[in-house]
Amino acid sequence: MSASAPTLAEPGPAGVQPPAPALPRLLSGIRPHGALALEQHLAVHGPLPSIGGGRRRGSERAATLIAEIERAGLLGHGGAAFPTAAKMHAVAGARKRGIVVVNALEGEPASLKDRTLLESLPHLVLDGAVAAAEAVGADEVIVCACESADVGIESIARAIEERAGAGSERSPGLRLATAPSHYVAGQESALVNFLNGGPAKPTFTPPMPFEQGVRQRPTLVNNVETLAHVALIARYGAAWFRELGTPTQPGSALVTLSGPIAHPGVYEIEHGASLSSLIRAGGGSTARVRGALLGGYAGAWVGAPHLDAVALSNEHLAALGASLGAGVVLLLSEDACPVGETVRVARWLAGQSARQCGPCVHGLDALATTLEELAGGIAGANVAQRVDRLASLIARRGACGHPDGALNPILSALDVFQAEFADHARHGPCAGCSRPAELPLPERPLSEATTRDRPARP
């Protein structure tokens, strides 16, 4: 889905003539079922240009790619929107040789975008990882997938084997690891800690992973979609990338659209596209919409009166207290109870605690309990003050970003659905509370599993 007219961009850094900038980009060539094999992938995108780097650290072409990514303005697509080139510069400039980690855990329950890339377009992801490794001078790439994602693991394992079988000199550094599937395991310090033999729990920073990560070496951790964009920028350049999107958030993004929608699924949009155009692309809503959760379970709610004017870019969403985050657009129907849904999410997020600090262990649990009492009409007086006090004790006090992220959808729900919360506080559960839940919440208790790095499956 794109509002841009097809035009030709300038040749990329490797002299490759870019295609028209119109969408799809990341999803070019995707099949209804199964992954693109290496030969099919090359037919769509052509070979990855030689970046240099590797043993020749600091080569001109490698430096050119990092500069090109900086000019492209590529931001991370894992949720935090950190500038990709800044991480790459840090690893490239380190004294020790770096490692690249592909973060494919995607613990966000409402997101399917990274899984889609891993399962259907694994070679685009591997291209980005290889290009990033060569640019920063890394000699090792670890693709870290969720241990429960059987299809994704098989797809990426097969892609790694295809490259080795094709005799690519760029494949020996690729290997696959699996990690636990709980929510906080995908936080980059948790992933590094796990690869170093510890539990998949966030650690205190600094040092940041790009300073001291896997085996104490500088480590570039990027999520699946970010590296897929790197693969395209390496081919077609920054000017082509910026043909879509906004000046502060250029390019395209994958968005998981779900809820009362005719065709839920993963869509590619240009940054700044209207929410209404995304809903039309999904076949339209199948019920009246009460609101939308944007960014996932660390995101924020936007009420129905504002949805027609929403543009899907962080600069626009900031005025509404929201962001694209993990690329989630989750619609809530008017038949659902936003209070009941918020209580479920709050309790689930409390259960995802790494149990390392008080604000997370005790604060999130107390907040979830207070919301449960509110929803049941038994919270008593001064419930609003209790919620405010708990939020103040949680915000910016955690050992990692989980407590702050958990506050976002809860506090925004209390604001957007203020009337519904007030009604529950006075009268208790409503008719919508007994309806089937609409927000996806898989059972993912915090795992103490010590699954270790293992080779790709045959």
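Mentor: Start with handedness: a crossing is left-handed if the near helix is turned anticlockwise from the far one by less than a right angle, and right-handed if clockwise. Helices here are DSSP runs of H or I, at least four residues, numbered from the N terminus. This is a predicted model, where local features need pLDDT of at least 70, side-chain atom pairs count only at pLDDT 80 or more, and totals for chains, interfaces and linings use all residues. Residues are numbered from 1 along each chain as its sequence is written, and side-chain values use heavy atoms, with hydrogens and water left out.

Trainee: At what angle do the axes of α13 and α14 cross?

Mentor: In general, two packed helices are described by the angle between their axes and the distance between the axes. Here, α13 (residues 358-375) and α14 (residues 383-394) have axes that cross at roughly 165° and come within 10 Å. Axes are lines fitted to C-alpha atoms over the stretch in contact, with angles from 0 to 180 degrees between N-to-C directions. The pair is therefore roughly antiparallel (over 145 degrees), and α13 passes α14 in a left-handed crossing.

Trainee: Which residues of α13 and α14 make the contact?

Mentor: Contact means heavy atoms within 4.5 Å. Among them are L364, L367 and E373 of α13, and R386, L390 and I394 of α14.

Trainee: How many disulfides does the structure hold?

Mentor: A disulfide is a covalent bond between the sulfur atoms of two cysteines; the cut-off is sulfurs within 2.5 Å. The structure holds zero. For C337, the nearest cysteine sulfur, that of C433, is 3.6 Å away.

Conventions: Helix = DSSP H or I, 4+ residues; strand = E, 2+ residues; numbered from the N terminus. Parallel < 35°, antiparallel > 145°, perpendicular 65-115°, else oblique.
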